[in-house]
Amino acid sequence: MNKYLLLMIVAVLLGAVRMTAQKPQVLGDRHAMLRLDANKKYLLLPVEEKEENAHVRVVKNNQLVKTFNCRLAVDKVDYFVPYEIGEGEIFDITFNGNPRSTGAVTGFACWKRMTYADSFDTKNVEHHRPVYHHTPLYGWMNDPNGMFYKDGQWHLYYQYNPYGSQWENMTWGHSVSADLVHWEHLPTAIEPDGLGAIFSGSAVVDHHNTAGFGQGAIVAFYTSAGASQTQSMAYSTDGGLTYTKYEGNPIITSEARDFRDPHVFWNEEAGFWNLILAAGQEMFIYSSANLKDWKFESAFGNGYGSHGGVWECPDLMKLKVSGTDKEKWMLICNINPGGPFGGSATQYFVGTFDGHKFVCESKPEMAKWMDYGKDHYATVTFDNAPDGRHCAIAWMSNWQYANQVPTWQFRSANSIVRDLGLFEYEGETYCSVVPAKEYDAARGQRVGSPTETCEIVVTLKGDAQIMLRNAQGERVVMTYDAKEETFDMDRRRSGNVQFSDAFPVVTSAPTYGKIRQLRIFVDRCSIEAFDAEGKMAMTNLVFPTTPYNKLVVKGNAKAVIYRLPVSGSSVKK
């Protein structure tokens with residue numbers, strides 16, 4: 001589908017729109033103002049991704065009430081994003097482009113295509129949008145944030161840009177699910193403020209009212225990204241739908257660079273709360289009795305694992321070791337760059353933790369990776385998961401090309417949710433990763449050929465090659481070597497790979513023993529492969545021209561294909 005046709009489809013889907021060109025008050029070469037019509041619900045902003053961000057200051061009653069950045073169209077429109085209008089608002093807009101290349105502000109395409117509308121239709125117009133993976137309705141998404149389970153619902157917040165499909169304007173978007181497959185989209189939960197943009201963090205259910213916000217209140221922790229990165233908190237007394245920011249913010253500060261991503265959990269053995277956050281290439285650990293006052297306990301990371309980039313998005317949990325009566329602690333450490341195949345990835349460390357200090361049991365130089373694909377990052381777990389489960393979800397992309405993947409209406413999806421555990425192999429303890437049990441219930445009928453949304457179960461008795469392909473000759477080849485104990489995935493000819501030199505690769509994983517069964521989850525733009533026992537996971541994006549509709553299995557293997565259901569995602573206003 002060419003971009004012009006896509007643009008026309010989007011225009012049709014936008015609903016009742018008054019196609020009237022806007023007339024700004026131009027105040028200079030790079031400056032304009034626009035008074036918004038308070039009788040309309042939305043102003044549809046035309047976006048042109050190649051342009052630089054325009055800075056928009058929203059003024060109401062002579063007061064600055066909001067700021068955001070948007071790549072307002074200069075020459076042509078790639079897509080639209082909505083701005084919900086408040087009464088008496090003025091846009092004070094500063095453009096940053098070079099006038100020699102963009103021309104006069106008065107001639108910009110944005111004024112001709114900027115329109116009012118009573119609704120914004122989020123119907124999917126992207127044939128690469130996943131079906132059973134979580135995605136934003138429109139705009140950009142990266143790290144999952146603040147996830148928790150309560151009253152039968154899984155709450156997922158995420159780093160979100162409501163004003164374009166590239167990284168900017170970090171806000172917490174919000175979705176909920178009863179089964180981890182069907183997602184309902186809710187209004188944004190936490191928006192930027194005077195302390196800065198809202199970067200990644202976590203949320204906990206305060207069952208015993210330790211913070212004083214009420215029994216069962218949801219308390220969220222996030223990084224305020226202003227001139228420096230500081231840690232803030234907010235609380236919700238309506239189950240996570242709306243939040244009140246704590247008047248004592250920020251609650252933790254530091255001189256450290258890249259000081260962010262607080263993850264909080266209740267430490268049952270220690271009898272207090274722990275917080276772990278990233279500080280450059282270390283993790284800082286804190287303790288608290290009331291979620292407000294935090295004591296620095298220790299740092300971990302100097303000399304351990306991979307240090308190819310900045311450490312981010314930590315998590316820390318106690319897990320059972322499969323087949324034993326042992327329990328150990330695992331510290332999750334996401335890193336960018338520095339992954340095994342370039343760009344971002346998730347590493348982890350196993351050891352002991354007493355509420356004050358984490359001690360890794362492995363040699364400092366040993367790096368352990370949770371997933372050996374290119375597209376598994378910012379992995380963190382849900383607080384308060386039922387039955388003592390540790391359920392993790394990851395951002396399914398890579399910072400090497402996340403802003404360039406071939407979608408427009410939205411960018412990025414999350415991985416399927418995984419249940420985490422530990423297992424031992426040749427004297428080391430590793431993280432086990434299996435699809436959450438909810439996906440077993442999501443299986444549909446058996447089919448003879450792969451579909452654009454399916455699960456392929458492959459029983460192995462030795463070496464095997466599994467190939468997915470379509471009529472255009474595009475293909476993904478997966479190879480299991482039983483002797484070498486490795487699993488590879490080749491996406492170099494998977495479809496559209498031209499948007500980034502870092503995309504067409506072969507990824508390879510150790511299997512830590514023999515694989516008896518593979519579970520391969522296929523969606524419109526992704527393939528996730530798991531050893532059914534949890535010893536290997538690999539997540540890779542793919543962008544085929546048409547869905548893969550043929551499966552070729554060679555070697556000592558037999559495959560069964562199951563349909564997976566169409567997502568029932570919906571919007572709640």
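This short talk concerns the salt bridges of the structure shown above. Please bear in mind that the model is predicted.

The count of salt bridges comes to 28.

I begin with Glu-269 and Lys-318, whose side chains meet in a salt bridge with an N to O distance of 2.1 Å. Glu-269 sits in the loop between β18 (259–267) and β19 (272–279), while Lys-318 belongs to strand β22 (residues 310–320), so the pair ties together parts that are 49 residues apart in sequence. As for accessibility, Glu-269 is exposed, with a relative accessible area of 56%, whereas Lys-318 is partly exposed at 24%.

Next come Glu-361 and Lys-328, which form a salt bridge at 3.1 Å, N to O. Here the loop between β25 (358–360) and β26 (368–369) supplies Glu-361 and strand β23 (residues 327–336) supplies Lys-328, so parts that are 33 residues apart in sequence are tied together. Lys-328 is buried, because its relative accessible area of 14% falls under the 20% limit. Glu-361 is partly exposed, with 38%.

Arg-519 is in strand β37 (residues 517–523) and Asp-440 in helix α4 (residues 438–441); the pair links distant parts of the chain, 79 residues apart. With a relative accessibility of 9%, Arg-519 counts as buried, while Asp-440, at 39%, counts as partly exposed.

Note on methods
Residues numbered from 1 in each chain as written. Predicted model: local features only at pLDDT ≥ 70, side-chain atom pairs only at ≥ 80, totals over all residues. Heavy atoms only, no water. Salt bridge = Lys/Arg side-chain N within 4 Å of Asp/Glu carboxyl O. Helix = DSSP H or I, 4+ residues; strand = E, 2+ residues; numbered from the N terminus. Buried < 20%, exposed > 50% of the residue type's maximum accessible area, 1.4 Å probe, protein only.
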